[in-house]
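Look at the sequence and the model below. This report looks at one strand, its partners and the nonpolar cores.

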Amino acid sequence: MGAQSAGTAPQDPVDPALGDKSDAWLLGRARELIALVQRSEKHEQPDIITTLDELLHETQRRGEPLLVAQMLRAAALSRLISASAADQAGRQLDEMLAHTRRHGATLLRADAHALRGRRLVLAGHDDAALTEIARALALLDDPPSQELGLGRRAWDRLLSTALNDCWIVLNQLGVYEVAEEVITRAHQAVRDSAGPHEITMLLMNRVKMLLGWGLRLERVGRSDEAGERFRTAASMAIAVEAPFAESLFPRKAGVAAVDQVASLASALALAAPSDAHIDRLRSLRATPLYPYDNPLLAIALARCLESVGEHEEAFRLLMEDRHHIPEEYPQPSMRIGLIHELARFADRYDIGDPRAQLADYAGALEAELWSMRESQSAALDTRREHERLSAAHGAVTQQALQDPLTGLPNRRALDERLRRFATSTSSDPLAVALIDLDGFKGVNDHRSHADGDDVLRVVASTLRDSLRGDDIVARYGGDEFIALLPGATLSAAHQAMNRAVTAVDELPRHLSHGVTLSVGLVALRAGERGEEVLSRADAAMYQAKRCGGNRIASCAEADDETETASEDGPTSGAGQRT
C-alpha cells in the first residue's frame with residue numbers, strides 16, 4: 001500500500017513535554033504521525049510535518065544515532081507523502097545519508113537511498129531513481145548481521161522497511177520482476193517475528209503490485225500471464241482477512257477487509273469480473289480509504305459493469321476518474337492504464353469519440369516517453385557526478401596505498417596483496433624477498449637525510465626495473481623493501497633477485513653512495529599466513545647480513561626440512577631474466 005506504515009491516529013498534535021518522553025515513545029509517536037499524514041487532507045499535513053520536526057529536534061538533542069536516523073527518515077517520509085512538500089525532503093535525506101554513513105547504520109543508509117529514489121520519481125526522474133534503488137539494493141544484498149546494538153527483531157524490521165521502501169519505487173516504475181523479488185525478501189525478513197500489521201502491509205502491497213503488473217501485461221497482449229497475476233492477487237486478498245482484523249490500519253470492526261480496502265476488492269473483481277462485485281466496488285468508490293487506489297478501483301468496476309452489458313456507465317465512470325487523477329499521482333503506469341481502458345471501451349463499443357480517446361492515449365504515451373527522456377538526462381548528470389566522485393575517491397585510495405617518497409606500493413598495499421596470495425586456492429608458487437640496504441645508516445649520518453631519500457628513490461627504481469613486469473616491489477618501511485614474485489620457484493626467484501643485487505652494486509657511486517642489498521628469499525608455504533612468510537624472510541635477510549651483506553640468503557626446502565643457505569656476493573649478469 002505504498003508507504004503505509006504502522007500507526008493509529010494520535011490524540012494530540014503536539015506534546016510540549018518531549019524532554020520527559022522515552023526514546024520508544026518518540027519513535028512510536030513518529031509512526032503514528034506518519035500514518036496520520038497519509039490519510040489527512042492537504043491543509044492538515046503541514047502541522048503534522050511540523051510536529052515531526054519537533055520530534056526530530058528532540059532526538060538530535062539526545063544524540064542517540066539510531067533514533068536520530070529513524071527520526072530523519074520520518075521527517076523526510078512525511079514530506080514525500082505530502083506531495084506539496086516532497087521537494088523539501090532533500091535536506092533531511094541528505095542529512096540521513098551522511099548520518100548513517102558516519103555511524104555505520106547500513107540498513108538505514110540503504111533506506112535513505114530508497115527514499116531519495118522515491119523523491120526522484122515524484123520529480124519525474126525515473127532513471128535517476130533506479131540508480132538510487134540500485135545503490136540501496138547493493139547495500140542490502142549483503143548487509144551486516146547486526147549493527148548499532150540492535151536486537152534481531154529490530155534488525156529484521158529495519159531490513160524489511162528498507163526493502164519495502166525500495167519496492168515502492170520499483171512498483172511505481174513498473175519494474176515488477178525486481179519488485180516481486182524485493183518484496184519477497186521483505187516478507188522473509190519478518191516472517192518469524194512479524195505481527196499482524198506487518199503481514200497485512202506486505203500482503204496488501206503485493207496485491208497492488210500484482211494488479212498493476214497484470215494490467216501492464218494486458219497492454220502488451222500477454223493476457224494469459226495477466227490472468228495469472230490477477231488470480232494470485234485474489235488469493236492474497238482472501239489471505240489478508242485474518243491479519244487485517246488485528247492490524248493497526250484504520251478499519252471498521254466486524255467488516256471484511258475486501259469491503260474496506262479498494263485494492264483487495266479490485267483483486268477479486270479483476271480475477272473474475274461479474275455483477276457479484278459491483279455493489280461492493282460502488283460503495284468503496286463512494287468512500288475511498290486510500291485515494292490513490294481510485295484508478296485501480298475504476299478499472300475493476302468498469303470491467304464488472306462490462307460483464308453485465310453496462311458499457312455506457314463503465315465508460316462514464318472511467319471518464320470521471322480520468323479527469324480527477326491528481327497531478328501528483330505517483331504511479332505513471334496506472335494513469336496510462338486508466339486511459340488505455342477508456343480507449344478500449346470507446347473503440348470496442350463505439351462510445352463517445354473513439355478517435356479522441358485514442359489520441360488521448362497516444363498523448364499520454366508521448367508524455368511518458370518525454371518524461372523518460374528527461375529522466376535519462378537527469379540520470380546522466382547523476383552518473384557523471386558519481387563517476388567524478390568515484391574518480392576522486394580512487395585517487396585518494398591510491399594515495400593511501402602508495403609510498404609518497406618512492407612511488408612504490410606501501411606496507412598497507414603490500415599486506416593486502418600478500419593476504420590475497422596466502423588465501424588463494426591456486427597451486428602456483430610465490431617467492432617472497434625481504435630486502436634491506438647495507439650501509440644506509442651511514443648515508444643519513446654522514447651526509448644528509450635528503451641524500452638518504454635520493455638513495456631510496458634510486459634503489460626503488462633499480463629494483464622495479466630489475467624484476468619482471470608482474471612482480472611486485474613495495475616499500476616496507478625505512479630502508480626495507482619487499483618483492484613478491486608470483487609464479488617463480490625459489491631457484492628462478494634467486495636468479496631474479498641476483499640481478500637486482502648486482503644492479504644496485506653497480507650503480508654509480510654518486511647515486512648509491514655505496515649502499516648494497518641484503519636479501520632474504522623464501523617461498524610461501526601452503527596454508528602459511530602473510531606475517532609468517534615475512535618472518536622467515538626477515539630471518540633469512542639477517543643471515544645475509546651476518547655473512548657480510550651484498551648477497552642473498554634463501555630458505556631451501558627439501559624433504560620437509562628447511563635450511564638457510566648463504567650465497568656468495570653477486571656476479572654481474574648471473575642468469576637470465578625470469
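## A covered strand

Strand β1 spans residues 430-438, and nine of its nine residues are buried. Buried means under 20% relative accessible area, with exposed over 50% and partly exposed in between (1.4 Å probe, protein chains only). Strands are DSSP runs of E with at least two residues; helices are runs of H or I with at least four; both are numbered from the N terminus.

Leu-430, Val-432, Leu-434, Asp-436 and Asp-438 point one way from β1. Ala-431, Ala-433, Ile-435 and Leu-437 point the other way.

This is a predicted model: local features need pLDDT of at least 70, side-chain atom pairs count only at pLDDT 80 or more, and totals for chains, interfaces and linings use all residues. Residues are numbered from 1 along each chain as its sequence is written, and side-chain values use heavy atoms, leaving out hydrogens and water.

## Its two partners

Strands pair if DSSP finds at least two bridges between them. β1 runs antiparallel to β3 (residues 480-486), joined by seven bridges. Here Ile-435 stands opposite Phe-481.

β1 also runs antiparallel to β4 (residues 516-523), with eight bridges. Asp-436 faces Ser-518 there.

## Two nonpolar cores

A nonpolar core is a set of buried Ala, Val, Leu, Ile, Met, Phe, Trp, Tyr and Cys residues joined through side-chain atoms within 4.5 Å. The largest has 115 residues, and Leu-264 and Leu-318 have the most contacts inside it. Helix α3 (residues 65-81) gives the most to this core: twelve residues.

A second, separate core has 34 residues, including Ala-431, Val-443, Ala-483 and Val-519.
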